[in-house]
Structure formats: C-alpha cells, structure tokens
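Subject: Structure handover

Hello,

Here is the structure I promised to pass on. Please open it beside this email and follow along.

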Amino acid sequence: MSERPPVERRTGRTRPDDDADGPPAGATAPGPPRSAALPDHRPDPPDLPDRPTELADDQADDETDDLVGMDQRTLARWSWALGAHPRVMIQHLPFDGLFVVACLTLALPFSHVSGTVGVWLAVLLVVLQVLLARFVAWDRQPDWTQDVLPVLQIVAVASLRAATGGTQSMYTSLVFLPVITLAARPGVRGVVIGALGVAATITVPALIDSELTLTSAVTWRAAFVALVAAVVGVAVHRTTDRLRARTAATNALRASEARLLAQVQADAAELARVAELRRTSRDQLVSVIDSATEQAIIATDAAGMVEVFNRGAERLLEYSAAQVVGRASLVDFHRPGELEQRWEELFGATALDDDPRLPLEALVGPALAGRSESRDWTYVRHDGSEVTVRLAVTRRLDVDGATIGYVVVASDVTAEREAARLKDQFLSLVSHELRTPLTSVLGYLELLTDGTDDLSDEQREYLTVIERNARRQLKLVGDLLLTAQVDAGTFAVAPQRIDAADVARASVTAALPAAEAAGVTLLCESVPSPVDADPLRLAQAVDNLVSNAVKFTPHGGSVRVVVGPDRRADEGAVRISVVDTGIGIPPDELDRLATRFFRATTATRRAIPGIGLGLSIAKAVVDAHGGELQITSTVGEGTAFTIALPPPA
C-alpha cells in the first residue's frame with residue numbers, strides 16, 4: 001500500500017471560497033492607514049460551516065485527523081519494534097498475524113498435517129520476511145526489491161498448503177493477502193506476479209509431490225483462481241493508483257497551502273510594517289509642518305479645500321486651523337481680482353465671473369503643467385490687511401499619478417519688497433542727483449587741460465586721476481539709471497543694421513591698455529556678421545563682458561573674443577563669445593550672475609573690485625534685442641560668455 005504522509009491537526013475545514021469571504025488565517029486585513037498598524041486584540045471568529053453538508057465534511061475530516069493522530073501515536077509507541085521503516089512492517093502485519101493464527105490452529109484435533117517439513121519451511125519463510133521488513137534499509141534499495149516480501153509470503157502459503165492436505169487445505173485463501181500487497185505496488189508488475197504466484201501455489205505441490213496427481217481439474221482450478229486473483233489485483237491496483245494520485249494531489253495542495261500561508265503571513269507582516277512606517281512618517285511630517293512657523297504651509301484637496309493649515313499659516317493670515325480646515329478654499333486668501341488677472345495672463349482669455357474653477361486654475365496652472373513656479377501674490381489677512389507673499393505651489397499625486405490636491409508654501413516678503421522698492425527709489429534719486437555735477441566736473445576738467453594756462457606735469461597727473469575717477473563714477477551712475485529703467489519697464493533700444501564684428505573689435509581696442517597692464521593676452525577673431533542692433537547698447541554689453549574677462553583673468557592668461565554666424569540657430573543669427581582662462585565661477589552661482597549687485601564667491605575671496613552691475617546690464621541689453629546671454633564656466637579653468645542674437649529682419 002502507498003504510504004500516507006503525516007497530516008497536521010487542523011481546527012477547521014478550509015474551503016476554496018475562504019479567500020473571497022475574508023483574509024486567510026493569520027493575515028491582517030487591510031484597513032484605514034491610521035488603524036492598520038494598531039494591534040487588534042479581539043478574538044478571531046470561529047470558522048463555522050454555512051451548510052449541513054459542510055458540517056458533515058468537517059466532522060469526517062476531524063475523525064480522519066483523529067485516526068491519523070492515533071496512528072502516529074501508535075507508531076511512536078512501537079517504533080522500537082517496527083524499525084526504521086515502520087510502514088513496511090505495517091503493510092505485512094495482517095498476513096503475519098493471520099499466519100500465526102493459522103499455525104496455532106494446526107494444534108486443533110480436526111487439523112490435518114501431512115508433512116511437518118512443509119510447515120517449518122513456511123514458518124522459516126515468514127520469519128525471514130519479518131526480519132527483512134524489520135532490518136533492511138528499504139529507502140536505499142530499488143523500488144522493486146520490496147516485491148520480495150510478498151513473494152516470500154506466497155511461497156510460505158504454498159508450503160503450508162502442501163503440508164496441510166493440498167487441495168483440502170483451508171489455508172489456501174491466505175495467498176490473497178500478498179496478492180493484494182503486490183497489486184497495491186506501483187505498476188502492473190505486482191498484478192502479474194500475484195496471479196502467477198496464485199497459480200503456482202495450486203499447481204506446484206502436485207508437481208513436486210509424487211503422491212499427488214496434476215489432473216485437469218487441478219489445472220482448471222489453478223487457472224480460475226489465478227484469474228480471480230488477477231481481477232482482484234487489477235481492481236486493487238486501480239483503486240490504489242487513484243488513492244496514490246489523490247494523496248499526491250493532497251500533498252501538493254498542502255504544500256501549496258503552506259507556501260501560500262507563509263506568503264500571506266509574510267505579506268501581513270510587511271503590510272503591518274509599511275502601515276507603521278507610514279503612520280510614523282505621517283506623524284513626523286505633521287510635526288515638521290507644525291514646527292515651521294516662518295513659512296505658511298497649506299495643503300488642500302483637488303478642489304482647493306483646505307486640509308492642512310500649519311502654525312506658520314495661522315501666524316501669517318491670523319486665522320486658526322479650526323476656522324479654515326474643511327471650510328475655506330485656497331483662493332479665499334487672495335486679493336480679489338488678482339487671480340482673474342493671472343488667469344488671463346496664462347490662458348489669454350477673459351475670465352468668466354460665474355466659473356468658480358478659474359481662480360484655482362490661475363493659481364495651480366503651472367503646477368498642473370509640470371512646471372515649478374515661485375511668484376509674488378497678495379494675501380488678505382483675517383483683519384483685512386494685505387501682505388505680500390512668495391508662493392510656491394506643488395501638486396500632490398496618488399499612486400496612479402492622479403492629482404489629489406496641492407501643497408502651498410508661502411513666505412512673507414512684504415518687508416523685502418518694500419526695502420527693494422526704497423532701494424530702487426534711492427538709487428534712482430541719487431543717480432539723477434549725481435549725474436549733473438559729475439558732468440560739470442568733467443566739463444571743467446576738459447577746460448583746464450585744454451586751456452591756455454601752462455600746467456606742470458604733476459598738475460596734469462592730478463587732473464588725469466580726477467578725470468578717470470569722475471568718468472568711473474559717471475559710468476556707475478549711468479549703469480544705475482539703466483537698471484532703474486529696466487525695473488520700470490522703460491528701457492528701450494534703437495536697432496539698426498550694423499556689423500557685430502565692428503562692435504567687438506572696438507571693445508577689444510578699448511580694453512587693450514587694461515589687458516596689457518594686467519599681463520593678459522587679448523585676441524579678437526571675427527568675420528563680418530550683420531545684425532539689427534542698437535550700436536551703443538550692444539557695445540555697452542560687449543564692453544562689460546570684455547572688461548569682466550580681463551579683470552577676472554590672472555597674469556599670463558588670455559581672453560578671446562569670437563564673432564561669427566550662429567550655426568546652432570536660424571540662418572543669419574550671430575554669436576559674440578568672450579572666452580577667458582580666468583578663475584571661473586562655481587556652478588551653483590551661474591543662475592544668479594545676472595542679478596543686480598551679485599558677485600561670485602571666487603571674486604569676493606580675491607577682493608577683485610566691482611559692484612555687480614555689469615552682467616545684469618549686459619543681460620538686459622541682450623534681452624531687449626530678443627537674444628540670449630549664455631554662460632558656461634569651470635572653476636580654475638575659465639568662463640565663456642556668449643551673446644546669441646537673432647537674424648536680421
């Protein structure tokens with residue numbers, strides 16, 4: 001018979017539709033994020049059957065499990081006698097027990113023993129079979145070797161039958177037990193051996209015993225009994241094959257169930273861990289948001305309704321979180337009309353007063369388009385006062401990439417903007433007030449140097465120093481006035497057809513004395529490059545770039561000015577490049593170079609003079625021409641400034 005695998009004790013029947021009704025045993029059902037990580041101390045409900053048939057199945061399974069449990073306990077108790085392979089011994093115990101009973105019946109008065117040798121031979125064969133079953137390591141032997149044990153039993157039955165009357169013996173039926181054992185083995189080999197063994201049991205004694213005659217009746221009896229044994233063997237073989245297949249399927253299902261259970265338990269543990277991490281992360285995030293008091297952080301849903309309102313927002317807008325969370329929209333804090341104006345700027349259409357979505361779209365439009373934008377807005381506080389804020393809007397996404405809300409970070413820049421306004425006003429005022437006297441100073445200096453009075457060399461040197469500094473101050477005043485015009489939106493250029501190469505050569509010629517004094521090689525490589533530009537303003541931009549390159553290039557370095565067609569743009573576009581081998585600019589400062597009064601750290605550390613207006617003016621001039629100022633730099637190797645101008649109209 002096939003060996004039955006150990007069966008674990010179960011507390012209830014597992015149905016195929018259990019997964020549809022709820023999570024497997026030992027798994028944690030998914031729930032809300034806040035509570036998913038919390039332990040559930042409630043006892044699990046019992047797995048009750050839904051129908052009477054299931055109740056009967058459960059009882060049958062429990063009875064089977066009880067029997068299996070008893071079988072396991074019996075095997076454990078008698079393991080010393082059954083050996084290392086108790087299943088083999090158990091398979092042959094029915095025959096061995098009946099054989100002992102048969103031997104005991106030989107002592108009864110009605111028993112007929114014609115030869116004691118045959119009896120003792122049968123006993124020896126059965127003893128040999130028991131010893132082989134007990135001590136042979138069958139797991140190390142080929143599968144067919146276990147057929148030896150029932151064959152020995154068949155031979156023992158044949159010997160006992162011959163010694164107890166032959167055809168009159170009542171022990172012939174014992175042969176069917178080893179036949180069944182052989183038929184239960186895998187393959188048809190056992191069925192064939194069993195049928196032949198039955199035939200031999202009946203015919204062989206007549207062949208070897210001279211007192212018996214092999215008649216046709218004996219032959220037909222042997223054939224018929226062999227046929228019956230074959231039919232029984234086939235039936236047993238088919239039944240055991242089905243049982244063996246069902247056992248294999250059951251084992252596979254149990255193994256799969258064990259794997260699935262382990263996976264479910266692992267998934268449940270991972271789910272609990274992730275839920276705990278998310279809860280911890282959310283608590284930390286809420287703590288960080290609440291601790292930010294200098295920035296207002298407001299989180300909303302997709303419709304703009306406020307969901308998070310931190311302490312910084314309470315401090316800035318003078319509302320409490322309880323007043324706005326779930327009650328106010330993000331657009332409620334903005335000055336009326338500001339969002340509509342912004343919507344018209346973004347989408348180029350007139351906003352409709354009756355469409356409530358337009359104000360929110362004007363605010364979050366760049367974020368929805370995937371662009372990061374930080375700009376000034378006007379917030380209205382609870383008391384009606386206004387405050388200027390620098391606002392950054394970020395879109396919140398779910399796992400599928402859909403928008404579920406927005407996060408707004410606002411910083412109060414009212415004081416900064418007021419200070420900038422006052423500074424610009426002061427610079428404009430000072431520039432106007434200084435320009436007239438400086439012009440007068442330069443005029444009188446020209447009269448002194450060109451006058452009829454004789455001046456000594458020392459006096460002329462003094463006048464030269466005064467003129468140089470006055471012109472420097474006049475240039476600074478001009479730069480300040482130009483930046484004021486840019487801020488006011490009044491800066492304009494007067495384009496005309498010129499050759500950019502002439503402008504570049506003039507700038508190089510003007511910078512040659514300073515380059516020679518600094519020990520810097522200044523070169524100009526140019527080809528005729530017609531362009532529509534304001535010659536005065538373009539020269540001002542190129543002069544600033546060249547003078548900066550000379551100023552920031554150490555002794556022994558070089559500066560190249562290259563003018564020619566821009567092959568990366570449309571035909572007729574022009575590029576003016578100023579490339580130096582100077583100290584370079586850190587990459588994180590390149591974006592701020594064109595900011596007024598900004599100076600790179602490489603310049604401030606070396607105490608190189610300047611106020612930080614040259615590049616901002618150059619960029620303003622280039623932007624006014626519809627061009628682009630490009631900057632590339634490597635610290636310690638040099639910098640390249642390129643003016644890219646569009647082709648002539």
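Below is what was found in it, taken region by region.

Please keep in mind that this is a predicted model.

**Transmembrane annotation**

Start with the database record. The unreviewed UniProt entry places the feature "transmembrane region" at residues 117-137, 191-208 and 214-236. Take residues 117-137 from that record. In the model this stretch is 90% helix and 0% strand. Its end C-alpha atoms lie 31 Å apart.

**The antiparallel sheet**

Next, look at β1 to β5. These five strands make an open sheet. Their order is β2-β1-β5-β4-β3, and the pairing is antiparallel. Strands of a sheet pair through backbone hydrogen bonds. The edges are β2 (306-309) and β3, and each of these pairs on one side only. From one strand to the next, the twist averages 30 degrees.

Two pairings here deserve a look:

- β1 (residues 295-301) pairs with β2 over three bridges, in the antiparallel sense. Ile298 stands opposite Phe309 in β2. The hairpin of β1 and β2 has four residues between the strands. In that hairpin, Gly304 takes a positive phi near 90 degrees.
- β4 pairs with β5 (residues 403-412) over nine bridges, again antiparallel. Val393 stands opposite Val408 in β5.

**The cavity**

Val393 also turns up in the lining of the largest cavity. How many cavities of 30 Å³ or more does a search of the whole structure find? The search finds one. The volume of the largest cavity is about 60 Å³.

Which residues line the largest cavity? They are Leu363, Pro366, Ala367, Arg371, Ser372, Glu373, Arg375, Trp377, Leu391 and Val393. By type, the lining divides into six nonpolar residues, one polar and three charged. α14 (357-368), β3 (374-380) and β4 (386-397) each supply at least two residues of this lining. α14 gives the most, with three.

**The mixed sheet**

Now move further along the chain. A five-strand open sheet has the order β7-β9-β10-β12-β11, and its pairing is mixed. Its edge strands are β7 (521-526) and β11 (628-634), each pairing on one side only. The twist from one strand to the next averages 10 degrees.

Within this sheet, β9 (residues 558-565) and β10 (residues 574-580) run antiparallel. Seven bridges join them. The bridge partner of Gly564 is Arg575 in β10.

Two helices pack on the sheet:

- α17 (residues 500-518) touches β7, β9 and β10. The direction of α17 makes about 170 degrees with that of β7.
- α18 (residues 535-551) touches β7, β9, β10, β11 and β12 (638-645). The direction of α18 makes about 20 degrees with that of β10.

**Asp499**

One last stop. Asp499 is found in strand β6 (residues 496-499). What does Asp499 touch, not counting residues up to four places away in sequence? The contacts are Val527, Pro528, Ser529 and Pro530. Val527 is 28 residues from Asp499 along the chain. The C-alpha atoms of these two residues are separated by 9.3 Å.

That covers the handover.

Best wishes

Terms used
Residues are numbered from 1 along each chain as its sequence is written. This is a predicted model: local features need pLDDT of at least 70, side-chain atom pairs count only at pLDDT 80 or more; totals for chains, interfaces and linings use all residues. Side-chain values use heavy atoms; hydrogens and water are left out. Two strands pair if DSSP finds at least two bridges between them. Axes are lines fitted to C-alpha atoms, for helices over the stretch in contact, and angles run from 0 to 180 degrees between N-to-C directions. Contact means heavy atoms within 4.5 Å. On a 1 Å grid over the protein atoms alone, a cavity is a set of points where a 1.4 Å probe fits but cannot get out, and a pocket is an open set with protein on both sides within 12 Å along at least five of seven lines; lining residues have an atom within 4 Å of a point. Grid points are joined across faces, edges and corners, and a volume is the space filled by probe spheres set on the points. Ala, Val, Leu, Ile, Met, Phe, Trp, Tyr, Cys and Pro count as nonpolar, Asp, Glu, Lys and Arg as charged, and the others, Gly among them, as polar. UniProt positions are given in the numbering used here, feature names are shortened, and annotations may be inferred rather than shown by experiment.
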